[in-house]
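Please look over the model shown here. The report that follows covers its fold, its cores, its surface and its salt bridges.

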Amino acid sequence: MHGSDIKTAVEWLVSVAPDPDACRWEWERSPLGVALLPAGRQWDVLILPGELGQGALDVLTRLLDRPGPVLADSGATRRSRTPTPRVGFFVPPGTASRWIGTGVRGAGRGTWIVVPYPGRATGGVRWLVAPDGSGTLTDPALLELAMHEAAARAAGKEGRKP
């Protein structure tokens, strides 16, 4: 990302913060380079298990010039012995409350998301597709189709193992 792209993405992200200046301050001064932002205002986040999420993103990037923002979380914490990676897709607000799917978590109104500063590497959370500031989000119906395609491909690979 370039300087003007980063600034546009930052402005779009902090527009949902209760205190945008405090959010910017947190990003600039936090050694982790992350801030907490409320979901459910301009976007919800659908959180998929890592392998399914990565597979769905692969399908989406073949279908679209650019999907909406996508986060990856290594799942590593001080308490977890086995990290559980996750992939979060930014979708239209209200999607999380209507989504029904095994293994898919939704972050909508009343929840907060750990968000890294666009264009900067952080520890456990990183952008797979950084926001561009335009407000582009992933279409939930298209994401669902991509998930089915990714699951079918994964099942096909499992079936071919010796």
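Two residues are in contact when heavy atoms of theirs lie within 4.5 Å. The model is predicted. With that cut-off, take Phe90. Leaving aside neighbours within four places in sequence, Phe90 is in contact with Trp12, Leu13, Trp43, Asp44, Val45, Pro69, Leu71, Trp127, Leu137 and Thr138.

## Nonpolar cores

Phe90 belongs to the largest nonpolar core, which has 24 residues. Leu13, Trp27, Leu37, Trp43, Phe90 and Ile113 have the most contacts inside this core. Two or more residues each come from helix 1 (3–14), helix 2 (20–29), strand 1 (34–38), strand 2 (44–49), strand 6 (112–116) and strand 7 (125–129). Which element gives the most to this core? Helix 1 does, with five residues.

## Overall fold

The protein has five helices and seven strands. Along the sequence they follow the pattern α-α-β-β-α-β-β-α-β-β-β-α. Of the 162 residues, 41% count as buried. Consider the contacts between residues at least 6 apart in sequence: 76% of them join residues at least 24 apart. The accessible surface comes to about 9300 Å². Carbon and sulfur atoms account for 53% of that surface.

## Helix 3

Helix 3 covers residues 50–63, 14 residues in total. From its first C-alpha to its last it reaches 20 Å. That is close to the 20 Å expected at 1.5 Å a residue. Which residues of helix 3 are buried? They are Gly50, Gly53, Gly55, Ala56, Leu57, Val59 and Leu60.

## Around helix 4

Pro93 sits in the loop between strand 4 (86–91) and helix 4 (95–98). Its relative accessible area is 36%, so Pro93 is partly exposed. Not counting residues up to four places away in sequence, Pro93 touches Gly40, Arg41, Gln42, Trp43, Asp44 and Leu137. Pro93 and Arg109 are 16 residues apart along the chain, and their C-alpha atoms are separated by 8.0 Å.

Thr95 lies in helix 4. Is Thr95 buried or exposed? Thr95 is buried, because its relative accessible area is 3% and the cut-off for burial is under 20%. With residues up to four places away again left out, Thr95 touches Asp44, Leu46 and Pro140.

## Surface positions

Leu36, Trp112 and Val114 make a nonpolar surface patch of about 300 Å². Leu36 lies in strand 1. Its relative accessible area is 54%, so Leu36 counts as exposed.

Asp5 is found in helix 1. At 36% relative accessibility, Asp5 is partly exposed. Asp5 and Ala130 are 125 residues apart along the chain, yet their C-alpha atoms are separated by 9.8 Å.

## Salt bridges

A search of the whole structure finds six salt bridges. The table lists some of them.

| Glu11 | Arg24 | 2.8 Å |

Glu11 forms its bridge with Arg24. Glu11 lies in helix 1 and Arg24 in helix 2, so the pair ties together parts that are 13 residues apart in sequence. Glu11 is partly exposed at 36% relative accessibility. Arg24 is partly exposed too, at 22%.

Arg29 counts as partly exposed at 47%.

What separates Glu149 and Arg153? They are four residues apart in helix 5 (residues 140–159), so about one helical turn lies between them. Glu149 is partly exposed at 33% relative accessibility, and Arg153 is partly exposed at 41%. Elsewhere, salt bridges that share partners join Glu11, Asp21 and Arg24 into one network.

Key: Residues numbered from 1 in each chain as written. Predicted model: local features only at pLDDT ≥ 70, side-chain atom pairs only at ≥ 80, totals over all residues. Heavy atoms only, no water. Expected span 1.5 Å × (residues − 1). Buried < 20%, exposed > 50% of the residue type's maximum accessible area, 1.4 Å probe, protein only. Core = buried A, V, L, I, M, F, W, Y, C linked by side-chain atoms within 4.5 Å. Patch = residues over 30% accessible without salt bridge, like charges linked within 9 Å, V, L, I, M, F, W, Y side chains within 5 Å. Areas by Shrake-Rupley, 256 points an atom, 1.4 Å probe, with all protein chains shown as cover. Salt bridge = Lys/Arg side-chain N within 4 Å of Asp/Glu carboxyl O.
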